[in-house]
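Hi there,

Here is the structure I said I would pass on. Have it open while you read, and my notes follow below.

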Amino acid sequence: MNLTNEEQKQYNRHLILDKIGETGQLKLKQAKVLVIGAGGLGCPVLQYLTAAGVGTIGIIDDDIIDQSNLQRQILYTIDDIGLSKAETAAKRLSRLNPFVNFKVYKEKLTNKNAISLFEKYDVIVDGSDNFSTRYLTNDAAVITKKPLVYGAIFKFEGQVSVFNYQGSATYRCLYPTPPKPDESPNCSEIGVLGVLPGIIGSLQANETIKIICEIGEVLANKLLMYDTLTMRQMILKFQKSTNIAVTALEKDYDFFCGIKAVKNEITFEELQKNLPKYNLLDVRENWEREQHHINGQHIPLGQLQNRFKELNIEKPLVVYCKSGIRSKKAITFLEEEFDEVIFINLKNGVK
């Protein structure tokens, strides 16, 4: 495999760079990278890997673009609201670099598709925003023996590491057990500084390029922590645990992370047909409620523990949020407080 004349023009600054040069650029061209999530972290990861000339980039994301995403997901514009993130990202990135082959998966990563997907790629980059997907991604990477580039953000702080690289420690070595559902709010609940995922995602792209080109010191067995408010960063070292062995995927990662499977679910279409039979509860944040809602009571998830006695429970209660995840958390809590009330999750939310 050689670089065409146009590719040589495209990657000139890499070709004249020691430690990359033509050899490194050809490694990038031959590489296949799967990016999980085309959101806050995924956007900068995808942009820089595309610009760098990674030959094949897979994008898996089942979400659509929301106006609240635009503060940090810089691949998209206001004209893209309501469109598929994965599909829109691929179209825009192909204009940045026509020499990259994009594979789009408009679906959710699950224990049914993870192994078969990971086997097709050389490096996995985790841009997810929930613990269920992080543990699933880790386990699938271990089973398929793929290096995993990890990134996470929280308000003003971020983390970066590389797991399962040449036998190094994994995500489970660093975090053996997941936090409780009420201890892990996401960006929709607590917010995030817009530039933070840009910084952390760029660092993830950097680690990915180092792995492919076999240069520098990869962040294996190390966790980089970054604070945007103080501009402090530190690297913590950790070791591979000899007590942890991943040989198969969990049957239910939501359950593993403390999110109990809901007994009852209903689709939006089914709800519309039988609306008089139910009461509704919206557990999204105030700004989400102002943008769009389908009526019912409104108690944000973070306030539910103190306000659950306000609920109208004369009828079965359909709980909804954007994607169906926060509503599951709400139902897990509510079922412990009410014995004889029927709680129903709005499947996939109102996104």
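Let's start with a strand. Remember as you look that this is a predicted model. In strand β13, which covers residues 343-346, Phe343 and Asn345 point one way, while Ile344 and Leu346 point the other way. Are these residues buried or exposed? All of them are buried.

Now for the neighbours of β13. Strand β12 (residues 317-320) pairs with β13 in the parallel sense, over three bridges. Look for Leu317 there: its bridge partner in β13 is Phe343. Strand β9 (residues 265-266) also pairs with β13 in the parallel sense, over two bridges. This time Glu265 has Asn345 in β13 as its bridge partner.

Next, a pair of helices. Two packed helices are described by the angle between their axes and the distance between the axes. Helix α4 (residues 42-52) packs against helix α10 (residues 196-213) at an angle of about 40 degrees, and their axes are 7 Å apart. Angles from 65 to 115 degrees would count as roughly perpendicular and those under 35 as roughly parallel, so α4 is oblique to α10. The crossing of the two, α4 and α10, is right-handed.

Which residues of α4 meet α10? They are Pro44, Val45, Tyr48, Leu49 and Ala52. On the α10 side, the residues they meet are Pro197, Gly198, Gly201, Ser202, Gln204, Ala205, Thr208 and Ile209. Sorted by type, the residues of this contact between α4 and α10 come out as eight nonpolar, five polar and no charged.

Cheers

Notes
Residues numbered from 1 in each chain as written. Predicted model: local features only at pLDDT ≥ 70, side-chain atom pairs only at ≥ 80, totals over all residues. Heavy atoms only, no water. Axes fitted to C-alpha atoms, helices over the stretch in contact; angles between N-to-C directions. Helix = DSSP H or I, 4+ residues; strand = E, 2+ residues; numbered from the N terminus. Parallel < 35°, antiparallel > 145°, perpendicular 65-115°, else oblique. Left-handed = near helix turned anticlockwise from the far one by under 90°. Contact = heavy atoms within 4.5 Å. Nonpolar A, V, L, I, M, F, W, Y, C, P; charged D, E, K, R; others polar. Buried < 20%, exposed > 50% of the residue type's maximum accessible area, 1.4 Å probe, protein only. Pairing = 2+ DSSP bridges.
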